[in-house]
Amino acid sequence: MQRYRRPAHVVLVLLGASTVTAADWSQFRGPGGLGTSAEKGLPAEWSSQKSIVWKTLLPGPGTSSPVTVGNRIFLTCYSGYALEDKDPGKMDDLRRHVLCVDKGSGKILWTKEFKPVLPEHKYVGEGAYHGYSSSTPVTDGERLYVFFGKSGVFCFDLDGKELWHATVGKGINGWGSAASPLLYKELLIVNASVESGALAAFDKMTGKQVWRTPGISSAWNTPVLVTAPSKELELVISVQDRLLGLNPDTGKELWRADGIHRYVCPSVVSHDGVVYAIGGGHTCLAVRVGGRGDVTKTHVIWRTNKGSNVSSPVYHDGHIYWASDNGGIVHCQEATTGKFVYSERLAPASGLIYASPVLADGKLYFVSQRNGTYVVSAQPKFELLAHNVFEDDKSRANASIAVSNGQLLLRTDRYLYCISNG
């Protein structure tokens with residue numbers, strides 16, 4: 001077991017160059033941002049004493065997910081402020097951390113600490129702490145990109161050396177900032193809805209802004225790249241009232257459709273040229289990409305009156321799966337029609353579910369905030385395979401699971417866990 005000790009100085013371990021492989025989980029929700037993995041032989045059951053390869057005490061909480069490159073894990077945390085509802089402390093003490101962890105042992109190889117640009121959003125209890133460390137990093141196997149809201153975007157090499165820093169705006173929101181950066185060709189694309197009401201693309205090598213698209217309102221989700229029938233890639237994001245398809249090379253709008261009529265946290269998922277979006281206000285819909293202009297009447301396939309306010313959906317074998325954020329209900333829909341196959345409440349009661357589900361090895365992993373992880377069979381018939389709880393860790397869990405080389409990586413506010421059958 002690796003215990004965290006606050007370093008007197010930044011420790012750097014020369015790790016050498018690397019590249020992203022099929023076993024890596026290099027961005028939010030893994031390959032393509034779709035929340036799915038092709039890996040097999042993954043665990044369904046665990047506890048504090050079972051199937052734990054190692055656990056590492058973290059320098060602070062966070063809702064970002066881990067990403068991996070080879071034998072390295074990268075993760076962000078925050079400390080010094082907003083750790084307790086009753087006594088949040090002083091905002092001046094807020095710090096952010098980027099960690100590199102050895103995947104084999106759980107040892108922290110290096111850590112970077114940042115003093116944020118203040119003022120940040122004020123902590124006022126549950127729901128207000130996400131933005132301090134909510135954006136999942138992204139890596140191209142040679143560099144690591146981290147987004148810290150109004151404090152900006154940071155690029156590091158894999159040994160922790162800062163290569164560039166860019167700002168995206170000065171705005172803040174009471175719910176914080178949450179979208180994760182996305183890599184496309186030589187661009188790093190950032191949803192800066194909170195900070196400047198825009199999408200911004202930067203040269204990934206220099207940090208120079210390449211394009212900027214305004215009008216990105218009330219969107220806390222990460223954009224997704226989708227292949228259109230023309231075989232061209234489109235950048236799709238869900239914003240208040242609209243689902244948008246953009247040219248990822250230029251940021252110019254290609255199409256728009258009537259979308260979620262309130263703020264939007266869930267990211268879209270796609271399959272075979274169709275994007276599936278869910279949101280609060282009881283809405284989920286399917287839109288065929290590749291159109292131009294307002295495609296509401298021509299490309300919207302279906303729309304139904306149920307939705308989730310926070311976590312994103314998963315597509316699998318002709319069905320869409322997702323969980324309601326505050327009811328603990330798992331839903332399964334036919335992807336072609338939107339018809340609900342089942343809506344089943346998890347038991348024991350899950351409480352809040354803010355983490356987005358991950359599908360791997362025929363299993364759907366739903367991480368609840370306070371009551372462990374529920375493992376559901378990935379089939380259009382509800383079957384709860386396991387309910388897993390860390391008996392000695394009662395801290396919050398809001399991050400999605402990462403899948404890498406036969407292991408599950410799960411972070412709570414206290415620990416990073418490596419879980420495996422072998």
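**Strand pairing, burial and side-chain contacts**

Mentor: Strands β3 and β4 (residues 72-79) run antiparallel and are joined by 3 bridges. Please bear in mind that this is a predicted model.

Trainee: What makes β3 and β4 a strand pair?

Mentor: Pairing requires at least two bridges. The count between β3 and β4 is 3, so the two strands pair. Val69 has Arg72 of β4 as its bridge partner, and Val67 stands opposite Phe74 in β4. The hairpin of β3 and β4 has 2 residues between the strands, and Gly70 in this hairpin takes a positive phi near 55°.

Trainee: How do you know that β4 also pairs with β5?

Mentor: The criterion is again at least two bridges.

Trainee: What makes β4 a mostly covered strand?

Mentor: In β4, 8 of its 8 residues are buried. Burial extends to both directions: Arg72, Phe74, Thr76 and Tyr78 point one way, Ile73, Leu75, Cys77 and Ser79 point the other way, and all are buried.

Trainee: Why is the contact between Arg303 and Asp258 called a salt bridge?

Mentor: The nitrogen and the carboxyl oxygen must lie within 4 Å. For Arg303 and Asp258 the N to O distance is 3.4 Å, so the pair qualifies. Arg303 belongs to strand β23 (residues 300-304) and Asp258 to strand β18 (residues 253-258); the pair links distant parts of the chain, 45 residues apart. A search of the whole structure finds 13 salt bridges.

Trainee: Why are Arg303 and Asp258 described as partly exposed?

Mentor: That class lies between the limits of 20% and 50%. Arg303 has 35% relative accessibility and Asp258 has 29%. Both values fall between the limits, so both residues are partly exposed.

Trainee: How do you know that Asp413 and Arg396 form a salt bridge, and are these residues buried or exposed?

Mentor: Their N to O distance is 2.8 Å, which is within 4 Å, so the contact is a salt bridge. Asp413 lies in the loop between β33 (407-411) and β34 (415-419), and Arg396 in the loop between β31 (384-388) and β32 (402-404), so the pair ties together parts that are 17 residues apart in sequence. Asp413 has 11% relative accessibility, and Arg396 has 7%. Each value is under 20%, so both residues are buried.

Trainee: What makes the contact between Ser177 and Glu195 a polar contact?

Mentor: The cut-off is 3.5 Å. The two side chains are 2.8 Å apart, so the distance meets the cut-off. Ser177 lies in the loop between β10 (162-166) and β11 (182-184). Its relative accessible area is 8%, which is why Ser177 is classed as buried.

Trainee: How do you know that Gln333 is buried?

Mentor: Gln333, in strand β26 (residues 329-334), has 1% relative accessibility, which is under 20%, so it counts as buried. A polar atom of the Gln333 side chain lies 3.1 Å from the backbone oxygen of Gly338. Residues touched by Gln333 include Cys284, Trp302, His319 and Phe340.

Trainee: Why is the aromatic pair of Trp164 and Phe202 called tilted?

Mentor: Ring centres must lie within 6.5 Å, and planes under 30 degrees apart are stacked, while those over 60 are edge-to-face. Trp164 and Phe202 are 6.4 Å apart centre to centre, with 35° between the planes, so they form a pair, and that pair is tilted. Trp164 lies in strand β10 and Phe202 in strand β13 (residues 198-203), so the pair ties together parts that are 38 residues apart in sequence. Trp164, at 6% relative accessibility, is buried, as is Phe202, with a relative accessible area of 2%.

Key: Residues numbered from 1 in each chain as written. Predicted model: local features only at pLDDT ≥ 70, side-chain atom pairs only at ≥ 80, totals over all residues. Heavy atoms only, no water. Helix = DSSP H or I, 4+ residues; strand = E, 2+ residues; numbered from the N terminus. Salt bridge = Lys/Arg side-chain N within 4 Å of Asp/Glu carboxyl O. Buried < 20%, exposed > 50% of the residue type's maximum accessible area, 1.4 Å probe, protein only. Polar contact = N/O pair within 3.5 Å; in protein donor to acceptor, adjacent residues only side chain to side chain. Contact = heavy atoms within 4.5 Å. Phe/Tyr/Trp six-rings, centres within 6.5 Å; stacked < 30°, edge-to-face > 60°. Lists of a residue's contacts leave out its neighbours within four places in sequence.
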